[in-house]
Amino acid sequence: MGRFQVVGATVVDGSGRDPADVAVTVEDGRITALGAAGTNGERLDAGGLTMTPGLIDAHVHLGLSSPIQPQFSFQISAAEIAADIFATAGATLDAGFTTVRDTGGIDGGVVTAIAKGKVRGPRVVSCGPVQCQTGGHGYYGAEWEPTELWSSHHVPGLCALSMMAGNADELRRNVREAFRRGASFLKLCVTGGVVGGKDRLTDTQFTVEEIAVAVQEAAARGTYVTVHAHNNGGIRNAVEAGARCVEHGTDLDEPTAALMAAHGVALVPTFAVLDRLLHDPAAAGLGDSVRERVAGVRERMARALAAAKDAGVRIGLGSDLIGPDQDRRGVELTLRAQLETPMDALVAATKTNAEIIGLPEVGVIAPGMRADLVLWNGNPLEDPTLFSDPANAVTVVQSGRVVKDLR
Ligand SMILES: [Zn+2]
């Protein structure tokens, strides 16, 4: 892998510190020094470019890379699903994301194929299938279909939308099965969802006792539970049961935000998907009816973000993009920059996301860290719309390997 030095870039290290003009030395996949440019060794000239850590998306669905409605009704072949997943993985890297946390839909084989370098893609940590209750969010079977047939729609090694449990014992069996198939954390749906059939955003799903079973199984393996949750009842159930992270958090109010902060529970808001579903549901392969379900959610989620911030909750960043067009993942940073500051958005997508997903070696440009780096065409702190267009991620380095270079 060797040694090289990136020289000439303005470095924004991901920690929130002010940018600095320093050379970054990379050896055997890691950052070994920040400082003055040396006189010998291989140089990567980054004059005029801005360097950030490789971005992290803490809420992705690589497994939902095909048009959603046909995929959810099982009309797409395994070959096409695989082709779409791998295209999304490559596009994710090209957009400057070197790490993602998959919050439901792939099976372990996808993680392995990317990790082995057989397919271009980011580092992936995955929960495998989503854990849902009978008929809850994450279940897309037909009404006439017996529930026990649901998991027969999984394509082993490739994709698995969800595992359905009718009680605590079934949930325990399902999460153990998810771990067997490669999950490194768990995700439970504890409220209804936006892209759903029969449930409502105001529903709570799973009981505190049931969620606690998943927390116990996760803790036994040294990992954690995150929950899909839009309403406060579901969030409170999850916090009480010991979950470590909440996805979406649309209607989070001040008392519940304070409860999350007191228990050290993180929040991952997801704006990009709402933007997409409001403006162009057909692009994701969904009908216009989803617009009704998503109306007002973005404004409420913006208020939830503010409440979480005021309460001191640790706040990550996730795009939650679904469907075929997942190449503009950086839209999430652009949207967050409008609600906070560009620096806040960047830190959420790097240092904070690394903490939330439990990868201490990524997310910050510092000696000893993995050399995951992006060179941007311009300064995204001055113009955060740069994050939205993959063409601006001029050079992408993952573990010291240049995986994209348009210089
Ligand atoms: Zn999601």
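What percentage of the 407 residues in the chain do buried residues make up? The figure is 55%. This is a predicted model. The chain holds twelve helices and 21 strands. Its radius of gyration is 20 Å, close to the 22 Å that the globule rule gives for 407 residues, so the chain is as compact as a globular protein of that length.

**Overall build**
- The C-alpha trace spans about 70 × 45 × 45 Å along its principal axes.
- Take the contacts in the chain with a separation of 6 or more: 70% of them join residues 24 or more positions apart.

**Two domains**
- Domain 1 covers 3-53 + 364-405, and domain 2 covers 55-329.
- Domain 1 is therefore written as two stretches of the chain, while domain 2 is written as one.
- The centres of the two domains, taken over C-alpha atoms, are 31 Å apart.
- Where they meet, nine residues of domain 1 are in contact with ten residues of domain 2.
- On the domain 1 side, strands β20 (393-398) and β21 (401-405) each supply at least two of the touching residues.
- β20 gives the largest share of that side, with three residues.
- By type, the domain 1 side has five nonpolar, two polar and two charged residues.

**Helix α12**
- Helix α12 runs over residues 342-357 and has 16 residues.
- From first C-alpha to last, α12 reaches 21 Å, close to the 22 Å expected at 1.5 Å a residue.
- α12 has a kink of about 40 degrees, centred on Ala348.
- Most of α12 is covered, with 13 of its 16 residues buried.
- Gly358 follows α12 and has a positive phi, near 80 degrees.
- In general, an α-helix has 3.6 residues a turn, so residues three or four places apart point the same way.

**Two residues with positive phi**
- Phe206 is not a glycine, yet its phi is positive, at about 65 degrees.
- Phe206 sits in the loop between β15 (186-189) and α5 (208-220).
- Is Phe206 buried or exposed? Phe206 counts as buried because it has 26 C-beta neighbours inside 10 Å, and the cut-off for buried is 20 or more.
- His248 is not a glycine either, and its phi is positive at about 75 degrees.
- His248 belongs to strand β17, residues 245-248.
- His248 has 30 C-beta neighbours inside 10 Å, so it too counts as buried.

Methods: Residues numbered from 1 in each chain as written. Predicted model: local features only at pLDDT ≥ 70, side-chain atom pairs only at ≥ 80, totals over all residues. Helix = DSSP H or I, 4+ residues; strand = E, 2+ residues; numbered from the N terminus. Rg over C-alpha atoms; globule rule 2.2 N^0.38 Å. Buried ≥ 20, exposed ≤ 12 C-beta atoms within 10 Å, placed from the backbone. Contact = placed C-beta atoms within 7 Å. Expected span 1.5 Å × (residues − 1). Bend = angle between axes of the 7 residues up to and from the residue. Nonpolar A, V, L, I, M, F, W, Y, C, P; charged D, E, K, R; others polar.
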